[in-house]
Amino acid sequence: MIYFIDLRADSAGGNPVASVRDIVVRTDTEPNPNPMISYQPALIQAIQGRDVLLATHGFNVNRAAGIDHLSRWRTWIDLGPNGYYVGVLWPGDSRWLPVLDYPIEGDEAIRSGRLLANYMAANFTGVNSLSLVSHSLG
C-alpha cells in the first residue's frame, strides 16, 4: 500500500488546503477514503524508524493522475529494507489553460511546501531519515 499526503483542496485545479488539519492521507487502494476513516495514524506508525522518501509530481497533474504517476514511480525504485515511500499530492494543475496558469503556479507550490513542512514537523518526528524527490514545480 502506498500512502499519499494530499495537500489539495480540490481534485483538479484549485488551491492547497487551508491548514495542516485539512490534509487528507489517501492510499493507492483507497484514493477517496471515507471521511470518517483516517489513514494518518497508519501512515505515522508505518514510517517510525524508517528511511522515508517523499515524492511529488510536477505541474499540470490532477489528484487522480498524481496517484497513478507516483504509484508507478514506486515500482521503479529500490529503497532497501528500511526504506519507505510516501507520495505527496499538490494542486499544481491548471485552473484554465496550462500556458496561462504556469507563471502563478509557483505560489501554490510554495504554499503547499509550507503546509508539507508543518505537517512533517508535527507527524514525522520518529523517522530515521527523510529525503525528497520532485519534478518540475513539485
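Which strands does helix H2 (residues 63–76) lie across, and at about what angle does H2 run to E4?

1. The model is predicted. In it, H2 lies across E1, E2, E3 and E4. The helix runs at about 160° to E4.

2. The sheet is open and has five strands. Their order is E2-E1-E4-E3-E5, and the pairing is mixed. E2 (24–27) and E5 (129–134) are the edge strands. Each has a single partner strand, so one side of each lacks a neighbour in the sheet. On average, neighbouring strands are turned by 30° against each other, direction ignored.

3. E3 pairs with E4 in the parallel sense, over six bridges. Leucine 54 stands opposite valine 86 of E4.

4. The largest nonpolar core comprises 23 residues. Ile5, Leu54 and Phe124 have the most contacts inside it. At least two residues each come from strand E1 (3–6), helix H1 (40–47), strand E3 (51–56), strand E4 (83–89) and helix H3 (98–123). H3 gives the most, with five residues. Apart from this core lies another, of eight residues, including Ile2, Leu53, Ile67 and Leu70.

5. Ile5 deserves a separate entry. Neighbours within four places in sequence are left aside here. Isoleucine 5 is then in contact with Ile23, Val24, Leu43 and Leu54, among others. Its contacts also include Val86, Gly87, Val88 and Leu89. Leu116, Tyr119 and Phe124 complete the list for isoleucine 5. Two of these partners, Leu54 and Phe124, are named with Ile5 as having the most contacts inside the largest core.

Technical notes:
Residues numbered from 1 in each chain as written. Predicted model: local features only at pLDDT ≥ 70, side-chain atom pairs only at ≥ 80, totals over all residues. Heavy atoms only, no water. Core = buried A, V, L, I, M, F, W, Y, C linked by side-chain atoms within 4.5 Å. Buried < 20%, exposed > 50% of the residue type's maximum accessible area, 1.4 Å probe, protein only. Helix = DSSP H or I, 4+ residues; strand = E, 2+ residues; numbered from the N terminus. Contact = heavy atoms within 4.5 Å. Pairing = 2+ DSSP bridges. Axes fitted to C-alpha atoms, helices over the stretch in contact; angles between N-to-C directions.
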